[in-house]
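Please read them with the structure open.

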Amino acid sequence: MTGSSITLEFENMLDLTGNGSAKTCNGTTRREILQAGTLGSIGLSLPQLLEAEDKGIIKEKDDDRACIMIFNLGGPSQLDTFDMKPNAAAEVRGPFQPINTRGDFQISEIFPKHAEIADKFSLVRSCFHSGAAVHDAGWQMMQTGRLFSGGILTPHAGAVTGYLRGRKTDLPPNVVLPEKMGRGGGNLPNGQSGGFLGKVYDPFELAADPSKPDFKVPDLLPPSSLGQTRLDRRRKMRDLVEDSVSKFETSENAKMLNDNFQAAFRMMTSKQAREAFDLSKEPDKVRQRYGMNRFGQCCLLARRLIEAGVRFVTINTFLTVFDEITWDIHGSAPFTSIEGMKNIVAPMYDQAYSALIADLHDRGMLSKTMVCNLCEFGRTPRVNPAGGRDHWPQCYTVYFAGGGIKGGRAVGASDPIGAVPEDRPVGPAEVIATIFHSLGFDLEMELPGPGGRPFPLVNYGAKPIQELFG
Amino acid sequence: MQTLFYKWAGLNTPMAISPGKTMNSIFSSLLILMTLFGIVREIPSQENETEISPVDNEKVSFRNEVLPVFAKLGCNSGACHGALAGKGGFRLSLRGFDPGADYFNIVKQARGRRIELRDPAKSLLLTKPSGAVSHKGGVRFNVNSPAYKILSTWIAQGAIGPTNADLAITKVQILPGTITSRPGDRQMVKVQAIYSDGSTKDVTRWSKFTSTDETIAKVSEKGEIEVNGFGVGAITAWFDSRIAVASLTIPYANRISPEVFQETPKRNFIDARVVEQLRQLRLQPSPRCDDSTFVRRVFLDAIGILPKPDEVKEFLDDSSPDKRDKLIDALLNRPEFVDLWTYHWSDLLLINGTRLRPNAVKSFYQWVRKHVQNNTPWDRFVHEILTAQGSSLENGATNFYALHQDPQNMAENASQAFLGLSIACAKCHNHPLEKWTNDQYYAFANMFSRVRAKGWGGDGRNGDGKRTLFLATSGELIQPGSGKPQPPAPLDGVPLSFDYQGDRRVPLADWLVDRKNPYFAKAITNRVWAKFFAVGLVDPVDDLRLSNPARNAPLLEEAATFLADHDFDLKALMRVIMRSETYQRSSTAVPGNQLENRYYSRYYPKQLMAEILLDAISETTGVPTEFNQISFPGADNQKTDFYPKGTRALQLYDSAVASYFLKTFGRNQREITCECERTNESSMVQVLHIANGNTLNRKLMEKENRIGKLLESDFTDEDLIRQSYLICLAREPSRKKLDALLLMFAESKDDKRVLLEDLFWSLISSREFMFNH
């Protein structure tokens, strides 16, 4: 039989002039919010910020809070890094030895510099997610707090921050270094965008390697042949000829192009922005301390950007999981083995992270800046025949420093082989809630979701990991 | 939409925060309340139809009743016992695709300790999920639940396994199949399974639901739809590896007189179908665009270049009523048509110099180009690729196989490229979003198992690219699960015998391009449609699975039939598209249609694709771009002499040609068969490149460019400004803009050259230039 059809008739129809869009609880549509000011990577207008403060969404005193998210693409092995099981069978415990630290936990010998600053960061050894064991699924969940479904792309934590806070200086509020994540194998969106908040909240992407001798932000500066007069004229002329507004007002991408021009002009002409990206302003000693490699210099650049007013910096430790040696230690080519991690990945990571934390601390920035080290999953408890470990979202370790975190602790615990959380399981929503809590957001608030419907900032009921704080 | 799979695979993990009892009871009280007030519409069961639940004297079927319980409760999901390694020593096949193995693991494995035939209530299969014995996965059901009743009755009846005599499901459907509703409404749907003996069962309780677009409607675990937006969506239900779809239509809250739709001009079937949907959705169509908009639009979409000022003038001056038709026909016969569409199909076929040697790239490209030039029917084009043999340099089409060198890859990429179907999931288990099973996957891939070539393997960068494709006379692809090959068969097609003597790919290609194949014509129709309309009838454009239906299914059906009726002549399809009023609509919104972006009530502006934009900039400034390097991963560049000066970006063979501009503006990198590799979205990096980068700025400064030529004539300021507008935007400036610009010219002490460079920059960086609209 074929399906019968049920038609429900409307009684109170709006007339044609009604635009039919749903309103948020306070009566504004998302479109109105978007139209209210220049936005985005760009920033909220001042009135919006004030309005947000009025509503208690943002506490004024928290306007100097910031976050650096270090995303460990590939998925480090919990068993060989921060959650060692020295008493487990050889095929579980792996090749490395645990060492004591300045915190009340042990970590792997491959991170000696972490050990020295372990009083500054705290581990969560019972993180898990319930998505598939593919990179992309974990990227979405750990950066947005949710798995995408039903065509709804949830925004990255940095995009939410940009949306709620706007830009503080001439720099964009939300930056990703050195560039956005590449392919993950599942061909799914990677969770590093503005999602349903709109493309204006996508992060500003550096798209360059700051460790290169000739490093500069691509095209940040106008050619020297164009003087100030000409730049001003170009901007004025463009505003003048750019008039087909009615054609483009319904196209988000077209609006975005103009917003991008506004933001680009602001960055190009800002001394502050130029200098923030200029690593040559750092003494050589400082640059060496972070390590003269891509990740090390990204960490240093992140510190400079936060100092200059960026609110959220995401550092991808690697660009993809395919074309370079990453934490993705399957053991077989083109991936590396557990041992390989020790020589290739761990040293640069250990050096840069410890330098970043110490530097933020020395400059008095750590208390206001949360640094969270996340990943898409852990690795299988048992070493595979190739001498590596495979994907394992059921249990892994993430860690936090600064932004109100009390260091030196290990929250939660895994079972004796690091396979499942035994105590205090922590899901992606709680990780994101922890970041937002540190940034001073009211977790009960709602974002303007798809179609203008209210969308909870974090899943209802998700709470920050309170044991980390104070 | 693959995310759906993960949701199913994973939602119910041991540690997931589950709504728990309170939420459930709140939910059911709500349900009762809503039923009382008549908000929830229950679908009455048919007479004689039972729900799946034990009836006293009937045997519980392992296959048809027990396994669906595990699927619905998530026991056999990827995060639980359905994981490849199982969980806690107990493994089930993912969503129950292998009943035999599941039966063995439940009843026989671990010395049968999971089942207590004499005292079913003591079976671990019941005590663990009901919470009597500790279960890492938590309490999944209680002793009074239907799930418990089904499992316990099955055990009490002797835990009988799957047999060949089990009823087979012939169909699963959602009732009602079409729903028209409005925001705020809630409605229950029913899922019905129809079995081989003609009987039906209500399987709503054991089905899994998803909404294809949650901005339009959400659906609960129990099958209750909650409408929360406008437009056309679909609800899919999954039961026992089968998918049923119900379509949802939620009209916009506009009031439009019926005459609007009657009077809207309809040129052909496209307009009839689109206007019919707009009527249902209460969306007013925008009027026709003007001639100057049309000429630019159709040049860019059909042949990828800007019209020259004299071509614009000629068109505008033509007063014949059929001048748009004449222009369309002329464009379809232009040489630039061949450049653009060869480029599109090269994207589809992954012609990429990092994976093929230069000679192979050239030969593959020229093979495609020859066929676009000859307007070879699409079915013959695809048939030739699929059955290609011989030298990679003499028969360029064989390079399709050089890119995909094992039967699984050949099958997956052929299916993705030509049918819009991603079958990769079925490589390991039955496809969660489609009907394809693991058996079908291996049967399909086995059609390619005898394709061999001399010189395959190794790094694609090595050697001379000369490879010879031939067919072995033996060889089968082994299905890992069974350890045996599946009889070679097209998806849903009749299997060949193992001793079939010819090239298996010939019957495969015959089946694939047959007009009776429900996917082939639709896949290419949707691809072509999306190039003109910015968004496919099915979106994403190459994702034609059952659970991602077209927003206007009758239109896709009719357009695909039209193409098949015209012997797969793509130009015929393009012609009917471009002639339609739908394509010729203005991009300016009218009240009530500004919020939609899926139903074609207006033309959607789109940023020019990277290659078209670069060519447009080169043409407008009069300075061609040079292409002389191939870029390999790891910043390793090699020289190429394939592209003489003046070659346009759309004439490149290869996505690996070095170009910061093309990369930044989102060209298709041609690494995987997926339209998603191309992006036409604006970014800050792009804008900074336009403002400060060396592409546009260098062309503007080049002495002998269009600006230099303009200055050679004895033009007044007014002439210069008008000419700049005509060159860049193919139109005259308004009087107001002209006056404002004249003033800027007059007030400046800079010389004309500099002023014109700045004016060109402003015009080229405007949305009117960078978008097709």
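Predicted model: local features only at pLDDT ≥ 70, side-chain atom pairs only at ≥ 80, totals over all residues.

1. Helix H29 of chain B covers residues 752-764. At 1.5 Å a residue, its 13 residues should span 18 Å, and the end C-alpha atoms are 18 Å apart, so the two values agree.

2. H29(B) is mostly covered, with twelve of its 13 residues buried. The N-terminal end of H29(B) is capped by B:Asp751.

3. Where does B:Ser586 sit in chain B? B:Ser586 is in the loop between helix H21 (570-579) and strand E17 (606-607). Its relative accessibility is 11%, and B:Ser586 therefore counts as buried, the cut-off being under 20%.

4. The side chain of B:Ser586 reaches the backbone nitrogen of B:Thr588 at 2.9 Å. Setting aside neighbours within four places in sequence, B:Ser586 is in contact with B:Ser286, B:Pro287, B:Arg288, B:Cys289 and B:Arg297, and also with B:Arg602 and B:Tyr603.

5. In chain A, the bond from A:Leu177 to A:Pro178 is cis, with omega near -15°; A:Pro178 lies in the loop between strand E6 (174-177) and strand E7 (204-205). In chain B, a cis bond joins B:Asp539 and B:Pro540, with omega about -5°. B:Pro540 belongs to the loop between helix H19 (520-533) and helix H20 (553-565).

6. B:Arg95 has phi near 50° and lies in the loop between helix H3 (62-73) and helix H4 (99-108) of chain B. With a relative accessible area of 6%, B:Arg95 is buried.

7. B:Ala110 also has a positive phi, near 55°, and is a residue other than glycine. B:Ala110 is found in the loop between H4 and helix H5 (124-127) of chain B. Is B:Ala110 buried or partly exposed? Its relative accessible area is 26%, so B:Ala110 is partly exposed.

Definitions and conventions. Residues numbered from 1 in each chain as written. Chains lettered and ligands numbered in written order. Heavy atoms only, no water. Helix = DSSP H or I, 4+ residues; strand = E, 2+ residues; numbered from the N terminus. Buried < 20%, exposed > 50% of the residue type's maximum accessible area, 1.4 Å probe, protein only. Polar contact = N/O pair within 3.5 Å; in protein donor to acceptor, adjacent residues only side chain to side chain. Contact = heavy atoms within 4.5 Å. Expected span 1.5 Å × (residues − 1).
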